[in-house]
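This briefing walks through one protein model, topic by topic, for a reader who is new to structures. Please keep the sequence and the 3D view at hand while reading.

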Amino acid sequence: MKVACVGGGPAGLYLSILLKLRDPSHDITVHERNAEGTTYGWGVTYWRGLLEQLRVHDPETARAVEASSVRWNAGVAHVRGLTTRRPGDQGHGIGRHRMLEILAARARSLGVRLEFGSTITPDDLPAADLVVAGDGVHSALRTRHADHFGTRIDSGRNRYIWLGTSKSFDAFTFAFVETDHGWIWCYGYAFGPEAGTCVVECAPETWTGLGLDRATEADGLALLEKLFAGILDGHPLIGRPSADGGTQWLTFRTVTNRTWHRGNVVLIGDAAHTTHYSIGAGTTLALEDAIALAGALHERHALPQALDRYERQRKADLLSLQSAARHSALWYENLPRYIGLPPQQMFALLGQRHSPLLPYVPPQLYYRLDRAAGQLEALRRLKRWLGPKVARTVQGRASR
């Protein structure tokens, strides 16, 4: 099979690796519009489950990724000068640039052609049996046929920005700071011995009230460094300036598609779907897309049936994560509902933000129910059953 992957992100690169491992005779080219070594973003997160999948499908890639990652097994929340620490699942952080280096080197070693500075447009698709649209959330290949794909893009309310820092956090860190214009908070995690990521988020009225909508890059970073001095320990924040000299504040775009393929073109990664950054699953989902697509292509000889199988499998796999991401984003958009709780309770509900039941139960009552459910199996079952039922009922009423 001749395959053209449009976009040199994790999804396209890992797919090319898996296809070559299954059949070295595949003719595969990855087209990336940017020059080699130029990528935006700081660190990406993943969890133990992804590492186990990588070990199954390509142990060599798994070893390289693990060797370049840092680990943590706790979460820390800072609110009003109080610090709460809780143990958690083992998480991993790796620089996005380093991950792409690993995947590109592995792909090349297997005979994949990597063409950097290669821009593919919908009017000039490569001659291939399969064209993989891994060109991101703003996918040109998807946008041209948005009606066919049934693309829907929903923008979140809050503003956020990705920043780097030389601070290497020893735990996944949350910091909530109250200002005269409302709350602003950040998620901090390490991806190297002297490297960390800070994702800063706030409501739009806080963003404008603090003047972050008008600030230059230097002024904006100086203000954020002052607000989050308690967790940065004197380390600077590092931005990625935009064309107008300011900093790149965004609203999160949730992308969904009714179908993921058209003819010989198939969507993968952020071109197919996005989930809110607060659940830290974007890179994992991209790599899992590649695993599913490679498996479907290997097991099904006819391309339409293979693409149908890939789409069905991934849509089913994504249902619970997409729900978790929606509720996580809403938790932060409704932060005042939770921020006044005692720190232990607030942090506990931060960990429960994915629950579809939480928005419909008074926070302190939910906390007590959750504590009790940890001790009573019958109550745990009731909670698992009741949450989705309540969410469906409320969403159904809202849509009428």
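The second largest pocket holds about 650 Å³ of space. The model is predicted, so local features need pLDDT of at least 70 and side-chain atom pairs count only at pLDDT 80 or more, while totals for chains, interfaces and linings use all residues. Residues are numbered from 1 along each chain as its sequence is written, and side-chain values use heavy atoms, with hydrogens and water left out.

**The second largest pocket**
- On a 1 Å grid over the protein atoms alone, a pocket is an open set of points where a 1.4 Å probe fits, with protein on both sides within 12 Å along at least five of seven lines, and lining residues have an atom within 4 Å of a point.
- The lining of the second largest pocket has 26 residues, of which Asp154, Thr254, Gln322, Arg326 and Ala329 are the closest to its centre.
- Two or more lining residues come from each of β8 (152-155), β14 (253-256) and α11 (303-333), and α11 gives the most, with seven residues.
- These element names follow DSSP runs numbered from the N terminus, where helices (H or I) have at least four residues and strands (E) at least two.

**The eight-stranded sheet**
- Eight strands form an open sheet with mixed pairing, in the order β3-β5-β4-β10-β11-β12-β9-β13; two strands pair if DSSP finds at least two bridges between them.
- The edge strands, each pairing on one side only, are β3 (43-47) and β13 (237-238).
- Helix α2 (residues 48-57) packs on the sheet and touches β3 and β5, its direction making about 80° with that of β3; contact means heavy atoms within 4.5 Å, and such angles run from 0 to 180 degrees between N-to-C directions of lines fitted to C-alpha atoms, for helices over the stretch in contact.
- Strands β4 (residues 70-79) and β5 (residues 82-95) pair in the antiparallel sense over nine bridges, and Val76 has Arg85 in β5 as its bridge partner.

**A parallel pair**
- Strand β1 (residues 2-6) pairs with β2 in the parallel sense over five bridges, and the bridge partner of Cys5 in β2 is Val30.
- Strand β2 (residues 27-32) is mostly covered, as five of its six residues are buried, where buried means under 20% relative accessible area with a 1.4 Å probe and protein chains only.

**Buried helical parts**
- Helix α10 (residues 282-299) is mostly covered, with 15 of its 18 residues buried.
- Thr206 lies in helix α7 (residues 204-209) and is buried, because its relative accessible area is 2%.
- Beyond its neighbours within four places in sequence, Thr206 is in contact with Thr179, His181, Gly182, Trp183 and Ile184.

Terms used. Buried means under 20% relative accessible area, exposed over 50%, partly exposed in between (1.4 Å probe, protein chains only). Grid points are joined across faces, edges and corners, and a volume is the space filled by probe spheres set on the points.
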